[in-house]
Amino acid sequence: MIHEGIGNFGHFAVILSFISSLIAAYGYYQMSRKEDILEVNQWRRFSRAVFFTHFGAVVAVVGTLFFIIINHYFEYYYAYDHSSLSMPTKYILACFWEGQEGSFLLWIFWHVLLGLVFIFANRQWEAPAMTVFMLVQAFLASMILGVVIPGLNVKIGSSPFILLRDAMSDAPIFKTQPNFIPEDGSGLNALLQNYWMVIHPPTLFLGYAATLVPFAFAIAGLWYRKYTEWIKPAMPWTLFAVFILGTGIIMGGVWAYETLNFGGYWNWDPVENGVYIPWLTLVAGLHTMLLARKNGTALKASLILVVSTFILVLYATFITRSGILGNASVHSFTDLGLSGQLLIYLLVFTFIAIVLMIREWKRIPSADAELAVYTREFWIFMGITVLGLAAFQVLVPTSIPVWNKIVELFGAVSNVAPPADQIEFYTQFQLWFFIVIAILSAVGQFFWWKRYESAKSLNWLVMPLLIALLLAALIASVAKVAEWQYIILLYAASFSLIVNGRILWMIIRNGYKLSGGAISHMGVALMLIGILFSSGYSKVVSLNMTGLMYSRGEDFTKDDNKENKENTLLWINEPTRMDKYIVTYKGKRAEVKGVPGYVDPKLLGSADVPFRAVATNPIEKEGKVYYQKGDTVRVYPENTYYEVEYRDEEGRVFTLYPRVQKNGEMGGYAISPDIQKEPRRDLYTFVNYDPGMAGEKKEWSKPEEFTAHKGDTLYLNDYVAVLDDVTRVTDIPGIVLTSSDAAVKANIRILGKTQEYIAQPTFVIKDRMVGQMSETINDLGLRVSFLNVNPATGEFTFGVSRTQKDFIILKAIEKPYINILWIGSIVMLIGFVISIFRWKR
């Protein structure tokens, strides 16, 4: 049965949220124009009533979509396309925002929550700011409206409540069965089934939503011609936006590092850049707002930067969701036909901001005198300029696909290509920007807290300069930092760390409330040191010492055979020397729900039901039996784990389980690392190639026959084997034996290099027909068949086929001192939190 009612209710709530946002915007606009207190209060009551209606409508839309997903109403396209019966409950939540419509809805939800807080916390600014707020809401709500304008055949938005039969009307099944409902959905992309998917997107979208508040304040300041007054109430919101957006960026970096195998925590992907750029401009805007709050300077710069941040958020949304990036990004959205709406959304708010800026520009107070070098304003402006240039340097190359598209619109052809090596291209510029930022964050703090009075005041900086020099020299010599540009970065970061640490000590003696800036700057300095070591001095430890070329494919041969040189081939159960480690690949492993760690797939038989298996033997871990033989268990067949044991020179043993994930939705396989985390470094390990992953089938040799008596020794391939016994059996899985049938099973012990294996081939006579049941030992590349029995001589004949043993090609990288990066990130965020509470007072 198709549950049309719930979808219709959801669609009605979307329309209501759109209309109510427009009416609320109109109500707040009228309120902003009134001067009579009675009229103001009337419009306030009206606008708030409409806003609460809008709030209720948004909550209803969210609840309805959740209801559809949780109840697996696969007649709805969104539920079918993003969820499935087999998905764990925790990922049902993530289904909500995997699609474009759901992520827009999440964004709308955060806006309406922030709006609710705003109208009670900033009553003075409610009318103008909420006018902007609700206008933005109207545009966002239009993205999920899913209505067609009669007569014009123009579709506005994409509804999350469209039925599958309407979304896939050309599918043959709906020609014959209009009410067809699939039994299961496509499910969440396997690569996204990760706990970071549950927390990272909501955090990032909250950051996006939070940038609206300072933007609304800035527009309200221009509108009301209160050029200075908007700064103070906007400050805690701006700090909150910087904090949340920064947290989202860091979360994305950790996710990429731990799971997605982007080669590290930052890949300079266009979607990553789309978040990084507005974060930089907002940090710059935060600093100008500090100046504007302090003495009224930098008002114009504050307005430009705060407005630019929101416009850049809209721009990032446009380039990632319009399909314009094409193959330039690994995680851009496909175009749902919303690119026109997104462009209008972007242009409308850009136009409004520019018109207001031009209208008010001459009235905005500005400092007439040039800034002296020995003032805090000068050094903060220097820092803001560098932050702006850093953002601009990333913005221009990221926008190349947009530029090409614009040229195409005018009938010309542009073949400008994005940087081939994004990491090298952006890093060579950003490195120098952040060297300067580190220095300015120290000097700027000095001039902020230690007012310059005479040349002697500068002596305060001499000691930190010397200590930083000694510290950088000590670290460089111990950690063997040789490249001059990295030594300069280390010195700059050390200088920032020491100056800000000294100022923190000075501040904290009078209380911690003003310490947020110094702590944040120290966090940035630590992050720079962590990035320097973990990226600049990563060391590949899996160097190919055999001279073999593993693959002639482009992935392995590009960059002068880079991957052929930086990977190690591991045969199963054959210890191999790799740098200072002895490494042993011990086989593939599977994941079973309810069982800690991983399970040998030999313990799992087919259950002929998706995502289920039957235990062929008891499944136990550390003496505890989790499942008995014959139990049906939940498995995750898309994931294959590889057990890799490391033994270092000190005798320490640890095991890693890198993963390869079959990804039907994206095609091919996704590789995920496993990481040995230690205080001084991480060992980052992933499987680059597995013949099974590549779909290669094993080729077996023709059987070679062996004849033996009980107790005889055999030589099977390169292995010594002993025929221990041959016994009669009456129970063979899948075969019913009668009294006239006979079956015998051999017990052959094969001595491998590191362990013994038991092969038990079976010889069966059933209904006067002979059959053999072979035994395959994948670890040794052997298949043993029981070919014949000679009762007269007591001889048994076996056939042995050979194939290539299991192997993997593995890459391992040491990333030194990466924990300094994570610690620095946390310190920076703590600084922002302290500042939020300080400005909230």
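Is Y257 buried or exposed in this predicted model? With a relative accessibility of 0%, Y257 counts as buried, where buried means under 20% relative accessible area, exposed over 50% and partly exposed in between, for a 1.4 Å probe and protein chains only. Residues are numbered from 1 along each chain as its sequence is written, and side-chain values use heavy atoms, with hydrogens and water left out. Because the model is predicted, local features need pLDDT of at least 70 and side-chain atom pairs count only at pLDDT 80 or more, whereas totals for chains, interfaces and linings use all residues.

The structure holds 55 aromatic pairs, a pair being rings of Phe, Tyr and Trp (its six-membered ring) whose centres lie within 6.5 Å, with planes under 30 degrees apart counted as stacked, over 60 as edge-to-face and the rest as tilted. Y29 and W223 form a stacked pair, at 5.9 Å centre to centre and 25° between the planes. Since Y29 belongs to helix α1 (residues 4–33) and W223 to helix α10 (residues 212–223), this pair ties together parts that are 194 residues apart in sequence; helices (H or I, at least four residues) and strands (E, at least two) are DSSP runs, numbered from the N terminus. Y29 is partly exposed at 36% relative accessible area, and W223 is likewise partly exposed, at 24%. Y257 and Y265, by contrast, form a tilted pair, with 6.4 Å between the centres and 55° between the planes, and Y265 counts as buried at 12% relative accessibility. Ring pairs also link W266, W268, Y276, F425, Y426 and F429 into a cluster.

An open sheet of four strands runs in the order β18-β27-β26-β25 with antiparallel pairing, two strands being paired if DSSP finds at least two bridges between them. Its edge strands, β18 (704–708) and β25 (775–777), each pair on one side only. Strand β25 pairs with β26 (residues 782–790) in the antiparallel sense over three bridges, and E775 stands opposite V784 in β26.

Three cavities of 30 Å³ or more are present, a cavity being a set of points, on a 1 Å grid over the protein atoms alone, where a 1.4 Å probe fits but cannot get out, with lining residues having an atom within 4 Å of a point. The largest cavity has a volume of about 70 Å³, a volume being the space filled by probe spheres set on the points, which are joined across faces, edges and corners. Its lining includes I572, E574, Y719, K753, D779 and K805.

Notes: On a 1 Å grid over the protein atoms alone, a cavity is a set of points where a 1.4 Å probe fits but cannot get out, and a pocket is an open set with protein on both sides within 12 Å along at least five of seven lines; lining residues have an atom within 4 Å of a point.
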